[in-house]
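This briefing walks through one protein chain for a reader who is meeting such a structure for the first time. Please keep the sequence and the 3D view open while you read, and look up each residue as it is named.

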Amino acid sequence: MSLHGARVAALLAWVNSTKVCPDPLKDLSQLQDCRVFVQIIHKIHGSKDGESVLDQPLPERISFIHGFLQKHCRHKLAAENLVSAQKLLDGEELALAKVAVLLLYHTSMSCKNPGDWNECDYKTQVELASIVKFVLDNEECLNENLEPFLQRKAEPSSSSMSSGLFEEHSPLSPLPYKRDVRFLELQRICSFPSTKYLCVPPCSLPSTPSSPMGDIMQTPQFQLRRLKEQLVFERENREELEVEMAENHKLIMEKDAQITMMQQRIDRLVKLNEKQAEDQLEPKEMEELREKNDSLVGRLHEAFRQCQDLKTEKAQMDRKINKLSEENGDLSFKLREIASNMVQLQQALNELSEEHNTAMAQSQEKQRQLEKELHAALQDKKCSEEKIEILQGKISLLEDQLAKLEECSTQEKGEVMGDVLKLEELKQEVSSLTAKGMRLEEEKQQLDSLVTSLQSSLSESHRARERLKRELQARASEGQA
């Protein structure tokens with residue numbers, strides 16, 4: 001199965017953005033000699049052996065890359081099963097893409113400034129962010145899922161991916177009247193005492209997300225994973241120092257044993273000298289014994305000096321380990337509190353989002369109903385106005401006829417009395433319609449007022465949701481610092 005074109009293109013664009021090769025890469029096959037991977041490790045991650053490995057054969061370069069992935073990427077069996085050395089030797093494009101994904105993930109974890117990703121365009125950043133998020137979501141099953149992910153063909157468009165990459169999808173929730181309570185809970189969470197451990201200069205908090213990669217680096221999931229990696233790194237440093245201290249302690253013990261043995265030998269030689277002096281040995285033998293004694297004393301002093309140096313180094317190691325232990329404890333405490341705060345903020349955001357979505361759905365339904373009633377009222381008003389116009393025309397006609405009949409005889413006037421009554425009824429009907437029209441106008445104004453109120457409520461709910469999102473991003477930035 002062929003590889004996913006957009007993801008391969010994004011990985012190549014990221015490799016080119018590192019500027020480790022003079023000419024931009026256009027195909028994965030250009031990575032077959034693994035020199036670019038070694039240069040990325042050397043440049044971005046400061047590996048000391050990167051330059052020397054470039055001059056070695058391909059198997060040694062692959063071994064160097066395997067060692068780096070196994071030490072730093074911290075995925076189970078990353079160097080053995082996830083990336084096959086034989087497939088790298090064969091130049092298989094899928095294996096090369098896997099290495100690029102792991103190096104991209106580790107680089108994003110090591111990146112201090114989200115603005116560093118601006119070397120890549122927006123579309124490329126969307127693809128890179130989707131790759132990083134996939135690795136975050138599949139850490140425990142990356143070995144099974146990475147190949148299908150890199151080979152998958154059908155994917156949503158970049159625009160829909162970028163809009164939904166970092167949103168939390170939540171079901172609908174109760175009416176928006178709970179919003180004030182949620183803000184009180186958020187205010188309590190944001191004023192939690194643990195914030196005193198998260199103080200950073202105001203200028204370090206981004207006002208708005210600048211890029212898809214910057215967005216994903218501000219998510220709680222990414223920040224927690226970065227803090228966990230930092231904690232593991234500090235713990236490994238401490239373990240290495242403890243091993244080194246144990247080795248130094250062993251050397252000190254060995255030196256102490258040597259000093260004890262030499263001191264015993266010196267004591268024996270001193271006793272032997274005293275005995276020989278008593279026996280009046282010849283000067284030549286005494287001189288040899290004195291030389292041996294001086295040599296042993298010199299060696300004893302040298303061993304004693306080395307022992308003192310080791311003891312001094314051990315004391316320095318002890319202080320360094322104690323300091324690391326304190327920092328490790330502070331970091332663990334900070335990580336737990338940040339995780340707790342982020343969980344609470346995320347829960348509050350989810351609940352407010354549910355309330356917002358429910359309020360929006362209900363208000364939209366209410367608005368449709370009111371608009372329907374308003375339309376019906378307007379139609380009734382229009383019909384009434386048309387009917388009034390017709391009746392008024394008839395009234396005018398009858399009034400004209402009555403005016404003419406006033407000049408006629410009494411008998412003729414009696415014959416048209418029925419028209420006069422028809423005319424009075426028409427006037428009453430017209431009066432009843434100019435009143436119904438007034439009621440309809442009042443109802444129309446009330447409906448307009450309700451629609452305006454609903455729109456204002458929706459706007460307020462949307463602004464509250466945006467404020468909560470910004471607060472969550474700020475807390476995530478504090479956790480990164």
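Predicted model: local features only at pLDDT ≥ 70, side-chain atom pairs only at ≥ 80, totals over all residues.

The points below are grouped by topic, from confidence to single residues.

**Confidence and overall make-up**

- The mean pLDDT of the chain is 75, and 78% of its residues reach 70 or more, where pLDDT is the predictor's confidence in each residue on a scale from 0 to 100.
- Among the elements of the chain, the highest mean pLDDT, 92, belongs to H1, whereas helix H11, which covers residues 179–190, has the lowest, at 36.
- Over residues 154–209 pLDDT stays under 50, and for this stretch the model has 81 contacts beyond four places in sequence.
- The chain has 481 residues, of which 37% count as buried, and its accessible surface comes to about 28,400 Å², with 51% of that belonging to carbon and sulfur atoms.

**The nonpolar cores**

- In soluble globular proteins, nonpolar side chains tend to be buried together.
- The largest nonpolar core of this chain has 59 residues, and the residues with the most contacts inside this core are Phe37 and Ile65.
- Eight helices each supply at least two residues of this core, namely H1 (5–17), H2, H3 (50–54), H4 (58–73), H7 (93–110), H8 (122–137), H9 (142–151) and H12 (212–217).
- The helix that gives the most to this core is H7, with twelve residues.
- Apart from this core lies another one, made up of ten residues, among them Ile259, Leu300, Ala303 and Leu310.

- Helix H2 covers residues 35–45, and its buried residues include Val36, Phe37, Val38, Ile40, Ile41 and His45.
- An α-helix has 3.6 residues a turn, so residues three or four places apart point the same way.
- After H2 comes Gly46, which has a positive phi, near 65 degrees.
- Most residues other than glycine have a negative phi.
- Lys19 is not a glycine and yet has a positive phi of about 60 degrees; its place is in the loop between H1 and H2.
- Lys19 has a relative accessible area of 53%, and because a value over 50% counts as exposed, Lys19 is exposed.
- Cys34, also found in the loop between H1 and H2, has a positive phi of about 65 degrees although it is not a glycine.
- Cys34 counts as buried, because its relative accessibility is 1% and the cut-off for buried is under 20%.

- The structure holds one aromatic pair.
- This pair is formed by Phe134 and Phe149, whose ring centres are 3.9 Å apart and whose planes are at 10 degrees, so the pair is stacked.
- Since Phe134 lies in helix H8 and Phe149 in helix H9, the pair ties together parts that are 15 residues apart in sequence.
- Phe134 counts as buried at 11% relative accessibility, and Phe149 is buried as well, with a relative accessible area of 5%.
- Arg7 lies over the face of Phe149, at 3.8 Å from the centre of the ring.
- Thr124, which lies in helix H8, counts as buried at 13% relative accessibility.
- Leaving aside its neighbours within four places in sequence, Thr124 is in contact with Ala10 and Ala13.

- Glu239 lies in helix H13, which covers residues 220–278.
- With a relative accessible area of 42%, Glu239 is partly exposed, because this value falls between the 20% and 50% cut-offs.
- Although Glu239 and Ile321 are 82 residues apart along the chain, their C-alpha atoms are separated by 9.1 Å.

How values were computed:
Residues numbered from 1 in each chain as written. Heavy atoms only, no water. Buried < 20%, exposed > 50% of the residue type's maximum accessible area, 1.4 Å probe, protein only. Helix = DSSP H or I, 4+ residues; strand = E, 2+ residues; numbered from the N terminus. Core = buried A, V, L, I, M, F, W, Y, C linked by side-chain atoms within 4.5 Å. Contact = heavy atoms within 4.5 Å. Areas by Shrake-Rupley, 256 points an atom, 1.4 Å probe, with all protein chains shown as cover. Phe/Tyr/Trp six-rings, centres within 6.5 Å; stacked < 30°, edge-to-face > 60°. Lys NZ or Arg CZ within 6 Å of the ring centre and 35° of its normal.
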